[in-house]
Amino acid sequence: MYIYSTRHGQTDFNRDELILGTTDIELNSTGIRQAAELAERIDGMDCIDLIIASPMKRAMKTAMTVSERTGIPVFYDDRLREWDYGWFEGKSRFTDGFAENKINYGMRMGVDGESLLQLSHRVYSMLDDVIQNYSDKNVLLVSHGGVCRIIETYFNDMTTEEFSGWFMENCEIICYTTDRREVKL
């Protein structure tokens, strides 16, 4: 089984280096183009059986763009929604305390957000379910930057320093196998 992971296309928050978690916004024109390019790339791969996406607008639009081009069915899973960054939401990515809070596993982000442990629990449980329920399929997960980082830790061990520096571009694709090794595309 192969699990492909991608991050949604660009939004205005992404372009402006603002923290984007629970704010449910659409793709911008660059993000729409990126989603179309992703769809074309996936259409040429001819190896994905189903798409599971976050129900947030930016991920849904990315997933639907792929589905419309390829005919691959899309299902939605709330466990793929982006990390709740609490009061950091909408602030600059360079806001004091954000980078430090991002790696403190037991602390809620921005006081009233979601801890890294909570995020990891929901994403890991989703991955466990996907592997159990679709072991005979290849699955594309369409989610968000914070979720993609957790998906990476499911398949590959990371130090805290590696975790804090890991980044996935909009509409980049990473392929994993269920024996927990990354496959280079």
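Guide: What follows is a short talk about nonpolar cores and the strands around them. This is a predicted model, where local features need pLDDT of at least 70, side-chain atom pairs count only at pLDDT 80 or more, and totals for chains, interfaces and linings use all residues. Residues are numbered from 1 along each chain as its sequence is written, and side-chain values use heavy atoms, with hydrogens and water left out.

Visitor: Which residues touch the most other members of the largest nonpolar core?

Guide: In soluble globular proteins, nonpolar side chains tend to be buried together. A nonpolar core is a set of buried Ala, Val, Leu, Ile, Met, Phe, Trp, Tyr and Cys residues joined through side-chain atoms within 4.5 Å; buried means under 20% relative accessible area, with a 1.4 Å probe and protein chains only. Here the largest core has 30 residues, and V123, L127, L141 and I151 touch the most other members. At least two core residues come from each of β2 (50–53), α5 (116–133), β4 (139–143), α6 (145–155) and β5 (173–177). Another core, of 17 residues, lies apart from it and includes L38 and A59.

Visitor: How is β4 covered, and which residues lie on each side?

Guide: Strands are DSSP runs of E, at least two residues, numbered from the N terminus. In β4, 5 of 5 residues are buried: V139, L141 and S143 on one side, L140 and V142 on the other.

Visitor: Where does β4 find its bridge partners?

Guide: Two strands pair if DSSP finds at least two bridges between them. β1 (residues 2–7) runs parallel to β4, with 5 bridges, and S5 is partnered with L141. β2 also pairs with β4 in the parallel sense, over 4 bridges; there I51 stands opposite L140.

Definitions and conventions
Buried < 20%, exposed > 50% of the residue type's maximum accessible area, 1.4 Å probe, protein only.
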